[in-house]
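Subject: Structure handover

Hello,

Here is the structure we spoke about, with the sequence. My notes on it follow below.

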Amino acid sequence: MDNILIVDDNHAICQALALMIELHGYQAIFCHSPEAAIEIVINKEISLVIQDMNFSHDTTSGEEGKQLFYALRQLQPNLPIILMTAWTQLETAVELVKAGAADYMGKPWDDAKLLNSISNLLSIYRLSQQNSQLTRIDSERMSAINGADLCGLVFGSGAMQRCVDLALQVARSDVSVMITGPNGAGKDKIADILQANSPLKDKPFIKVNIGALPMDLLEAELFGAEAGAFTGANKTRIGRFEAADGGTLFLDEIGNLPLSGQVKLLRVLQTGEFERLGSHQTRKVNVRVVSATNADLADDIAHGRFREDLFYRLNVIELNVPPLNQRQDDILPLVKHFIGANFSLDKSTQQALLTHSWSGNVRELENACKRAVLLAKSALLTIDDFGLMAIANGGAAAQYDLVVEDHLNSRKQDTDDTQSIFKPDKQQIEAALAQHNGVIARVAKSFGLSRQALYRRMEKYGLRVTK
């Protein structure tokens with residue numbers, strides 16, 4: 001409930017105002033002197049002040065009210081103050097309103113007008129308080145970020161701000177962290193931030209992509225192997241846990257770890273102990289484990305593919321990296337970072353980038369930017385440079401597989417149609433588009449054209465790529 005302070009030397013006026021205010025859901029506090037008012041504002045949470053301008057029976061100058069107003073304004077610059085007096089003086093009203101007085105009313109007052117003013121001023125005051133709080137929080141966050149090593153991370157969204165804030169907070173501890181999110185969203189970058197801002201930043205930081213290791217060599221890679229432990233093991237192999245001793249081990253794509261490996265990993269997390277393959281000697285390490293996955297581990301646990309006890313060991317703190325299409329405010333800052341200062345975007349291209357689905361997340365966006373820079377005709381990049389239409393309709397993976405190969409020939413072939421040896425007509429282009437599922441790079445290659453030449457020919461015939 002909002003506390004409203006009434007300051008007036010007339011007891012009857014204080015009681016009348018207090019009764020009216022309390023009948024409308026506010027808490028009234030009143031006093032009869034400027035000194036008492038200042039004491040109350042210092043010691044209580046006051047949301048609004050209604051003050052008289054004269055407190056001595058033999059004065060109508062308003063000087064006492066002015067002094068109280070400026071004293072209150074010095075204590076709380078944003079506190080709403082309504083000035084009331086039976087001796088209304090225009091010059092005083094103008095001066096104090098310019099100095100920040102919220103309203104100025106004469107006595108007797110109009111109840112409806114006063115209540116309306118109170119309601120409006122309290123609403124504005126609450127918004128001001130909220131904005132001040134948010135500004136302070138943002139300032140504190142930015143202060144923490146400015147002093148942190150973000151490892152080159154580029155972002156502008158609130159979702160990534162929260163993820164980074166939590167990562168910086170967690171980095172100072174030694175608990176296990178699991179980073180979740182789709183492929184290409186930036187999980188490895190969050191792992192880098194955890195390490196760079198931790199007390200272990202000068203210690204070993206070993207990265208292992210579980211999904212990239214052959215299953216038959218996985219345990220040897222993680223825990224090491226003695227010479228002769230398996231075919232081809234000609235010498236002792238130090239495992240990743242030993243290499244990371246005293247530091248951090250980042251296990252990417254942890255959902256691909258087989259159950260046999262999960263049992264050994266659980267033991268290391270619980271005790272720090274393990275044995276190399278082919279050895280009975282127990283070794284002990286002290287390693288902080290950070291893991292990452294794009295898998296639904298809850299579903300894997302339900303189907304017996306992932307151990308629940310291991311999950312809770314790894315997932316003391318979870319950092320979720322949302323897909324790029326859920327953090328639109330990151331897209332344009334990332335694009336500007338990827339294309340560099342020598343290129344810019346027109347409005348339609350910016351809008352197309354913002355509305356594209358980006359199923360491949362930041363990795364797809366980076367590839368699209370590399371493509372645009374390679375194929376750009378000028379410093380102002382367009383939708384065609386990014387190939388968004390072809391990507392959306394022909395499949396991002398297939399399109400990107402052909403980008404580099406296509407560009408190697410594009411500089412030589414990218415001439416106008418009069419220089420092309422073969423000039424396909426509308427029907428031939430339509431047939432080729434259907435045959436190659438709308439993948440522009442493949443259609444252009446089949447005709448011996450550059451993609452830009454094919455796009456111009458399609459535009460001439462009014463053709464668009466459709467699914």
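First, the term needed for the open spaces: on a 1 Å grid over the protein atoms alone, a pocket is an open set of points with protein on both sides within 12 Å along at least five of seven lines, and its lining residues have an atom within 4 Å of a point. The model is predicted, so local features need pLDDT of at least 70 and side-chain atom pairs count only at pLDDT 80 or more, while totals for chains, interfaces and linings use all residues. Residues are numbered from 1 along each chain as its sequence is written, and side-chain values use heavy atoms, with hydrogens and water left out.

Pockets

The largest pocket holds about 510 Å³ of space; a volume here is the space filled by probe spheres set on the grid points, which are joined across faces, edges and corners. Its lining has 25 residues, and those nearest the centre are G184, A185, G186, D188 and V362. By class the lining splits into 8 nonpolar, 8 polar and 9 charged residues (nonpolar: Ala, Val, Leu, Ile, Met, Phe, Trp, Tyr, Cys and Pro; charged: Asp, Glu, Lys and Arg; polar: the others, Gly among them). At least two lining residues come from each of α7, β11, α13 (331-339) and α15 (361-375); the names refer to DSSP runs numbered from the N terminus, helices being H or I of at least four residues and strands E of at least two. Helix α7 contributes the most to this lining, with 4 residues.

For the second largest pocket the volume is about 310 Å³. It is lined by 16 residues, of which D174, L269, N286, V287 and R288 are the closest to its centre. Here 8 lining residues are nonpolar, 5 polar and 3 charged.

Strand β11 belongs to an open sheet of 5 strands, ordered β7-β8-β11-β6-β12 with parallel pairing (two strands pair if DSSP finds at least two bridges between them). The edges are β7 (205-209) and β12 (317-320); each has a single partner strand, so one side of each is left without a neighbour in the sheet. Neighbouring strands are turned by 20° against each other on average, direction ignored. Axes are lines fitted to C-alpha atoms, for helices over the stretch in contact, and angles run from 0 to 180 degrees between N-to-C directions.

Between β8 (residues 248-252) and β11 (residues 288-293) there are 4 bridges, and L249 has V289 as its bridge partner in β11. Helix α7 (residues 187-196) packs on this sheet, touching β6, β7, β8, β11 and β12, with its direction at about 150° to that of β6; contact means heavy atoms within 4.5 Å. Helix α6 (residues 158-171) lies across β6 (177-180), β11 and β12, and runs at about 150° to β12.

How much of α7 is covered? Of its 10 residues, 8 are buried, where buried means under 20% relative accessible area, exposed over 50% and partly exposed in between, with a 1.4 Å probe and protein chains only. Among the buried residues are K187, D192 and Q195. The cover includes α6, β6, β7, β8, β11 and β12.

The other sheet

A further open sheet of 5 strands has the order β2-β1-β3-β4-β5, again with parallel pairing. Its edge strands are β2 (27-31) and β5 (103-106), each with a single partner strand. The twist averages 20° from one strand to the next. Strands β3 (residues 48-52) and β4 (residues 81-85) are joined by 4 bridges, and I50 has I82 as its partner in β4. Helix α1 (residues 11-23) packs on this sheet and touches β1 (3-7), β2, β3 and β4, at about 170° to β2. Helix α3 (residues 63-75) touches β1, β3 and β4, at about 160° to β3.

Single residues

Most residues other than glycine have a negative phi. W358, in the loop between α14 (347-355) and α15, has a positive phi of about 50° and is buried at 1% relative accessibility. N361 lies in helix α15; its phi is near 60°, and N361 is buried at 3%.

Whole chain

The chain has 21 helices and 14 strands, and 46% of its 467 residues count as buried.

Regards

Conventions: 1 Å grid on protein atoms, 1.4 Å probe; cavity = no way out; pocket = protein on both sides within 12 Å on 5 of 7 lines; lining within 4 Å.
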